[in-house]
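Take a look at the model below. A short report follows.

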Amino acid sequence: MSAPGVPDVAALEAQEARLVLPRFTYEDAWALGSLLVRLARERRAPVAVDIRRGPQQLFHCALPGSSADNDAWIDRKRRVVERYGCSSFLVGARFRAKGTTFEQSSRLDPDRYAAHGGSFPVAVEGAGVIGSVTVSGLPQAEDHALVVEALERFLSSYGDAGADG
């Protein structure tokens with residue numbers, strides 16, 4: 001059971017199944033990161049944004065009102081995506097659906113891992129999860145929703161880019 005307005009496990013799984021990219025280049029990381037920054041600025045959201053492909057950081061931006069604490073949250077949420085291959089919000093929701101919490105039952109160090117919303121896998125058709133896109137600075141459901149909105153817009157832009165991508 002989820003809180004009102006918070007997606008349940010099935011809805012979170014459906015988001016991940018839907019948000020698979022045809023490719024993910026350096027230019028794509030810049031475009032997705034820039035889109036996230038634009039959306040956050042429009043909302044005056046005090047967030048930090050991070051995009052990784054494997055261990056390489058391809059994009060990072062900290063907006064006014066964010067702090068080094070947001071970078072620490074990014075690292076903790078990103079590690080959950082790397083370990084579980086799905087969004088940090090979905091991992092937390094799966095533990096809650098079992099009547100427990102990630103912190104109680106994962107046996108992972110909470111100083112290094114956080115199953116809180118805001119980190120989403122970058123999945124590529126035919127390759128699977130190759131990275132992550134993470135936002136920190138808002139309540140966890142809002143961090144997650146911002147990333148999902150950006151990925152949805154970004155994915156829809158592939159159709160506008162023509163055959164050259």
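Which residues does R52 touch, not counting residues up to four places away in sequence? R52 touches Q57, L58, D75, R78, I130, G131 and S132; contact means heavy atoms within 4.5 Å.

This is a predicted model, where local features need pLDDT of at least 70, side-chain atom pairs count only at pLDDT 80 or more, and totals for chains, interfaces and linings use all residues. Residues are numbered from 1 along each chain as its sequence is written, and side-chain values use heavy atoms, with hydrogens and water left out.

R52 sits in strand 2, residues 48-53. R52 is buried, at 14% relative accessible area; buried means under 20% (1.4 Å probe, protein chains only). Its side chain makes a polar contact with the side chain of D50, at 3.1 Å. Such a contact is a pair of N or O atoms within 3.5 Å; within protein, one must be able to donate a hydrogen and the other to accept it, and residues adjacent in sequence count only if both atoms are side-chain atoms.

Now the whole chain. Six helices and five strands make up its elements. These are DSSP runs: helices are H or I, at least four residues, and strands are E, at least two. Their order is α-β-α-β-β-α-α-α-β-β-α.

| Chain property | Value |
|---|---|
| C-alpha span along principal axes | about 50 × 35 × 30 Å |
| Buried share of the 165 residues | 45% |
| Contacts joining residues at least 24 apart, among those at least 6 apart in sequence | 68% |

Key
Buried < 20%, exposed > 50% of the residue type's maximum accessible area, 1.4 Å probe, protein only.
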